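The following questions and answers examine a single protein chain. Please consult the sequence and the structure shown here.

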Amino acid sequence: MRTLLLCLLLLAGCASKPPRLIVSPQVFWPQAPSLQQSAFSFYLLDQRSSLNTLVIQRGDTTKGYATANNLRAELEQTIADALRARGATLTNQSDRSLTIQINQLQARVNQRPLDHEVVNRVTMTVLVEYNGNSFSKAYSGDSRQIAPFKADIAVIERELRVLTEQVLTDLLRDESWQKLLRG
């Protein structure tokens, strides 16, 4: 009986833990004061159809996992800090608003017996409202890797973070929406 209990405990300890994916992108944006004397409200909306940032498919089985960190709050803080560094004043008392919408941010893993394929997709939209007018523009990026053996969560995490940083950099460097906020 004790041997059976010991075997069950060992098997329970071998059960795989759900992967802990942390996506924490940084913004690499020159510190020029291009938004100096611009005051506007800023919001970040998570409009993803699924909060599963990591989806792993093994044969006919598919499992989804959310990030271990609060992705929306972390991205909002990162972008707000970048806007302030460019000279913007973020306030709720403005007739101009900037909304960045996360439409897709996901890594999809197809785990096969001898290898795996990872497809990352990030899509965001900038919405600017000013004086009764509106402007929107979408930014996206994707990447694909095939590697041998089992997928490494740390590698997936890094690749998704890098892709998210690239999309954010493209978004933040675009002067088209910044001109509208400067008025």
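Q: How many helices and strands does the protein chain have, and in which order do the elements run from the N terminus?
A: The model is predicted: local features need pLDDT of at least 70, side-chain atom pairs count only at pLDDT 80 or more, and totals for chains, interfaces and linings use all residues. Residues are numbered from 1 along each chain as its sequence is written, and side-chain values use heavy atoms, with hydrogens and water left out. Helices (H or I, at least four residues) and strands (E, at least two) are DSSP runs, numbered from the N terminus. The protein chain has 4 helices and 7 strands, in the order α-β-β-β-α-β-β-β-β-α-α.

Q: Is Thr99 buried or exposed?
A: Thr99 lies in strand β5 (residues 96-111). Buried means under 20% relative accessible area, exposed over 50% and partly exposed in between, with a 1.4 Å probe and protein chains only. The relative accessible area of Thr99 is 12%, so Thr99 is buried.

Q: How are the axes of helix α3 and helix α4 oriented, roughly parallel or oblique?
A: The axes, lines fitted to C-alpha atoms over the stretch in contact, with angles from 0 to 180 degrees between N-to-C directions, come within 6 Å for α3 (residues 153-173) and α4 (residues 175-182) and cross at roughly 45 degrees. Angles under 35 degrees count as roughly parallel, over 145 as roughly antiparallel, 65 to 115 as roughly perpendicular and the rest as oblique. Therefore α3 is, relative to α4, oblique.
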